[in-house]
Each structure stands twice: as C-alpha cells, then as structure tokens.
Amino acid sequence: MKLLLLLILVNSLIIYAQQEEHYELTAVSFHGNDNMPTSQLQYVCLSKESPSWVSQLLNKFTSFGAKATYFDSLLIPSDIRAMRSLYQSKGYFKVKFFPEYKILSEKKEAELIYNIQEGNPATFRKFEITGIDNIGAELKKTIFNYVKVDSNQQYSDNFVTDKSNFVLGYLRDNGYMLAQVDRPLILVDTLANKVDVKLNFSTGKRYRISEIRTERTGVGKNLVSDTLLKRLVGIKPGQTYSYYDIQRGQVRLYRTNLFTSAIVNSIISDTNGNKVPLSITADVGLLNELSPEVITNNEDNTFNIGLGLSYTRKNFFGNARKFTLSSAGAIQNFSEFLKTYSFADSNLYGYIDNRITIEQPFLFDRFVNTKFETYLTFQKRKSEYKSTLYGAKLSLDFELPQFTYFNSFSAYLNIEHSNYIYQKGFMQNNLAYYFSKYFPQDVADSLAAFVLAGATKSDLTRESLDEYIGFSLGANKTNNIFFPTTGYSLSLLFEDANSIPLLFYNIFKKEFNRPAFLKILFTGTYFLPIYDTPLSAFGVKFRIGNIFVYKGNKGDIPLNQRFYSGGSNSIRGWGSRELVPSDPVYSLMNPTPEELEALFVKGATTGGFFTLEGSVETRNRLIGKFGSAVFIDYGNTWNGYENIRLDQIAVAGGFGLRYYSEFAPIRIDFGFKLYDPNDNRNFFKKKLWSELLQFHIGIGEAF
C-alpha cells in the first residue's frame, strides 16, 4: 500500500513538473483510424494542437488568432472516453486505444499519439417497435415497413435516431398529439457483434380538432376577418390532429405578408375526451406599404446593385390577395464598373424594370399560390444591344403532399413581346470574327464594314411576340437550406415556346413565322461528407441544358431565352454572359451581301442553345462569421450538342472570401482563366488584371 501511494505521488510530481514546464502541444496524431476521419477525432478530444506561431502572434496584439495550448496528461482519459463514445455511436464496440506521448525537453514541446485498434463494426440483429398496438393497422404497416433493417446494416446512433424521429412524427401527424418515445434500449452481443434495438412508444389518445379559435391583434386587426384566418390555415373541426398540417397552416399565414406574427397551436389544457381546440393568433400589420429598397441580387450570373420603389396593398379585395406596383433599376456589371470607375455609356449597363403584380394564395378554392404580373423592362448589355421587353406572366406554385420525392412544383404561362436593337460596332466585330476564319484579318474587317456600311436602325432591329409555357420540379435533400454540408438538390425545368399559337395557325391554315422550341435544363448539386463539422462543406454542381427547335429557325429565338455562361454563379473566371458560341447559328460559303446581312441578323447573335457547366468547391469557416472558398468551374455554351468539343470547355479556378451575415452569405470571388478556349497563348504571358482575373461580388453561395 505504501509503495502504491509512493508511485502515485511520484507520478503526480512528474505531471506537475511537466505542467510547470509548460510543454507546448505541437502535434496530436491518430494511427489506425481507418474508418473514422481524423477531423472527427480531433473535434471530440480535449487535447488540442497548439495553433501556429502566426496565430499566436496575432492573438497577442488583436482579438484574432489563438493562444498556445500545452500538454496535459490528465486529459488523456477524457480523450479516450470521448473517442470511445464516438466509435460506439457508429457501431465500433470493440475499439481499443493505446496512448503515448513524447516530451522534447530541449524544445519545450510535446507530441501526443493515439494508437487505435478499431475492430469490426457491429450490425443490427433486431429492431423492435413496441407500444403501438392500439393504433390502426394501416398506420402500423407504414411504421413497420419504415423501420425494417437489413442484418448487414451497420449500427449507428444516427440511424436509430432517424427511425425514432420518423415514427414519432408520423404518430403526431396522424392524431396522436401526445405521443412520446422512451430512450432507446440498445443491447450489444459482443460475441456475435450484433445489436438489438428496442423503441418503446406511448401513443396516448388519438385526437381530433374540436373547434378553431382566433385572436387578432395589431393596427390592421379590423381589416382581416376570422373567416380568412381559418381559410388560410385550412384545418376544420372534426379533422384528425396533424402537427404537419398545423406547421403548413402557419407557413401559409406568413406567406401572405399580412401578419407581423402568426401562431397556430393546439390548446392541450382544453382537451375534452379525444377532442382538442386549435388556436390561431395573428398580429395584423399595415395593409398599405410604400417601400424603397436597395437591390442586390445575382440575376444573369452577375452581382447587380440598384434602387427600387414599390407600393403594396395587402388583402386587396379580400382573400389575402396582394397588389404591388413596383419600379426598379440596377447596374448589372458592378464588378466591372469597380475595375474601371467609369460612367461612360459603353461601360455601364443594366436594366430598368416596371411591374404590376397581383398575388393570391388560392386558385378555385385550392391552395395554389397564384401570381399574375405585367411588366415593361428596358435592358442594355454593354455595347452589344438594347432591348425592350413587355408582357404578362401567370405563375402557379403548388403545394405538394407531405411524403413526395420532389418538394416543389411550379408552372407558368408567359406572353412576351421583345424588341432588340443591336449596336453596329458589336455586329461588325462579330461578323469580322466569323470572316477571319476564311480570310486574313484585314480583309475580314473590311468585308464586315462593307456589309454593314448602309445598315439602318431598322436593319439592326429584331422584333417578335412569343408565348412560353413551362414547369419546374425541385427536390432538396440537403441537411441545411442555407449552408448544406451533406445531401443533394435537384432542379428540372421544362419550357415550351409557341406551341399554342402554332396549333391555332395550323388549324386556320395560316403561315407561322416564329420559332417553336422546347427548352430543358437540369441542375444538380451534391455535398460530400468530407468534413465532419457543420462549419465546412465540399460541394459539386452539374448543369446541362438544351433547346430543341421543332418549327422555324433557331436563330430567331429571342436572346433572353438562350443559354449563357460566365458570371458569379457560373464560370467565375469570366464576366457575366461572356461565354457564348463563337460561330454563327448558320454557315454560308460565298454569300451575297444581302445574304450576309440576313446571316448576321439571324445567326451571329449572342447566346447558345446547349449549355454544360460544372463546379467543385470547398467552403471553410475561418474566424467567427468569416469564411473562405476554393473552387474550380468549367463549361461553355454551344449552338447545339453536336457542336461540343473538349477543347472548347473553359476552365476557371480561384478562391473567395465569405461573410456569413444573419440573412445570407456575402461573398467576393476571384476567378482566374486557367484554360481559355478563345485564347491559346501561354497562361504566364497574359496580363493578370486585364486578361486572367475576374472578381465577382455576390449574395448567397454560388450554388
């Protein structure tokens, strides 16, 4: 006994001496962790590697950086407990740890090493659900089908939690308002390396809604009726209690913008038998609003900044209808503008948009968010063209059932008149580029000038009236809408142009002189679980689209309906809409001047008919709300999928900075042209600022 006390005393003295010496912990390493990422082990351990000398130096003079950390052998047992818990949460119940450390006295440094024997993970043998005998057969069937597990399925705490949450939510969405679940009973057979799981639920009674109570407050409380509140929530007396329906009803209230706050709750204290009343409490705000705004968005893959003013009348003629009159204007090349600081007309481009909008939450007494808008828009694209667009659009946003793969579905009908006036210099440059493939450059320039010498404003104008009908489907399966780290999202757009007028023209045997086409665009993003912290993400984006023309000329498709690449949400080494096909839509050999004019007007305009894009990006939080990104983007647009060539795929790489504000990330990205299909010069012979670098300011992540 005396010997044991002596050993403990000596060990304590050694530890005390080491702590007094303050050995800086320069390395914490893990060996043998083949199935557990090092980052996860580092995250749970209390022993942390000391930060770099730069970080320590910053910390001495500023609030940034971090102080040095020192070796403490007393933390080793806590580290092992934390790592064992982590391993067991993923089914490694036989894991063993063998810690060791090295003291480098002369450097006043220490190194900590954890040697790990993981063993094989345990698999499920049985997954049992109890306590639900009193619920209906169909409900039990759904639950049992969902919790079935394969005997080869590796055990994990997250898997058990997901199953438990699903069953609990399913019960509460089907009347069992007070359903509860006990802590899971986990039995591990270490000899067979199998796990039995038992989840016991207490369902309670199955409730129905007895009545709907309402309470209105706020300055506009007398301008909104109780009937409208009940209609928006969409739950009726006698209906089976559903927590999902209550949440959805609250979302509908907020979507109307009528209320500064809105809460839908069941009143548990007033239950009577298996009946429970529902309470709707809404604070009604002002129904008339005049709103100035500063515009910041990423439309057309570029950061836009501008000003706007809108007037809104809420509950317009009742039924939560909203009337809005708005006008806005924005500079669309703000990043380029910052590089030149010039207000010259040739450098400044953007848009002015005027709209009248009517939006309502119902369509034929069903919950279909319906928006009708008319608009008049003026655009100017650098020195390319000026356009005037006006039209009307009807948009329908449908509510989908609770358990569907796609969680968003919308449809629209748009009728638009467009008028484009091309800039003569832009047309001449494009035409010269086309001729340079067959003639020397000086001849090409002269020929282009000759063709357009007598061109008038009417010669440079294109005008059309088109109809578009389309729908889009979306599925978001990520773990976080604003900063996803795992999961994926899909978006699919189908748009048909001019099929309805084409049908009527055919019926009445009249000539149809506009293009009819189908546009399909698919976008997919996937976030790989490379990092084991919610502050970092690794994402991949892929985008592909094509325009199929089944009637008329491809070159007559309006410019705003074509595909463009380049910009802050696209290939970031290029400016907005800079990556377009270099060849005209049509190719004529030895044409007459009249044919050349027709060729240019129809075929040598901007925009492509097939697009292919992709991105790979890592996002990492640096300090506080500041983060960074490193990315590679690739892609281009072509006149058709048959024109794709690998040597025409542009590649950009770069880095960016992020500030994660309360409403959305604000970002600055610096993109470099790693491979420019239109410039074969050596990368290192190009000018950094004017030929290689493109920077973008954006709101939200690039994808």
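D182 is partly exposed in this predicted model, with a relative accessible area of 40%. D182 belongs to the loop that joins β5 (180-181) to β6 (185-189). Its C-alpha lies 9.5 Å from the C-alpha of K198, a residue 16 positions away in sequence.

Another loop, the one between β12 (304-314) and β13 (322-331), contains N315. N319 is found in the loop between β12 and β13 as well. Most residues other than glycine have a negative phi. N315, which is not a glycine, has a positive phi of about 55 degrees, and the phi of N319 is also positive, near 60 degrees. The two asparagines fall into separate accessibility classes: N315 has a relative accessible area of 11% and is therefore buried, whereas N319, at 34%, counts as partly exposed.

Helix α11 spans residues 441-451, and its buried residues are A444, A448 and V451. These residues lie on the same side of α11, because they cover an arc of only 65 degrees around the axis. An α-helix has 3.6 residues a turn, so residues three or four places apart point the same way. On the face of α11 turned away from the buried side are the exposed residues D442 and F450.

The aromatic residues come next. The structure holds 30 aromatic pairs. One of them is formed by F166 and Y170, whose rings are stacked, with 5.8 Å between the centres and 15 degrees between the planes. Both residues of this pair belong to helix α6 (residues 157-172), where F166 and Y170 are four residues apart, about one turn of the helix. F166 and Y170 are both buried.

F670 and F695 form a tilted pair, with centres 6.3 Å apart and 35 degrees between the planes. F670 is part of strand β25 (residues 665-675) and F695 is part of strand β26 (residues 693-699), so the contact ties together parts that are 25 residues apart in sequence. F670 has 24% relative accessibility and so counts as partly exposed, while F695, at 12%, counts as buried. The limit that decides both cases is 20% relative accessible area. Elsewhere, F93, F124, F127, Y155 and F159 form one aromatic cluster.

Aromatic rings also take part in contacts with charged side chains. The charged end of K477 sits over the ring of Y405, at 5.0 Å from the ring centre. R572 lies over the face of F631, and here the distance to the ring centre is 3.7 Å.

Rolling a probe the size of a water molecule over the atoms shows where empty space is left. The count comes to two cavities of 30 Å³ or more. The second largest cavity holds about 30 Å³ of space. Which residues line the second largest cavity? Its lining consists of I209, I235, Q239, T240, Y241, S242, D245 and I246. By class, four of the lining residues are nonpolar, three are polar and one is charged.

Note on methods. Residues are numbered from 1 along each chain as its sequence is written. This is a predicted model: local features need pLDDT of at least 70, side-chain atom pairs count only at pLDDT 80 or more; totals for chains, interfaces and linings use all residues. Side-chain values use heavy atoms; hydrogens and water are left out. Buried means under 20% relative accessible area, exposed over 50%, partly exposed in between (1.4 Å probe, protein chains only). Helices (H or I, at least four residues) and strands (E, at least two) are DSSP runs, numbered from the N terminus. The arc is that of the directions from the helix axis to the C-beta atoms. On a 1 Å grid over the protein atoms alone, a cavity is a set of points where a 1.4 Å probe fits but cannot get out, and a pocket is an open set with protein on both sides within 12 Å along at least five of seven lines; lining residues have an atom within 4 Å of a point. Grid points are joined across faces, edges and corners, and a volume is the space filled by probe spheres set on the points. Ala, Val, Leu, Ile, Met, Phe, Trp, Tyr, Cys and Pro count as nonpolar, Asp, Glu, Lys and Arg as charged, and the others, Gly among them, as polar. Rings of Phe, Tyr and Trp (its six-membered ring) pair if their centres lie within 6.5 Å; planes under 30 degrees apart count as stacked, over 60 as edge-to-face and the rest as tilted. A charge sits over a ring if NZ of Lys or CZ of Arg is within 6 Å of the ring centre and within 35 degrees of the ring normal.
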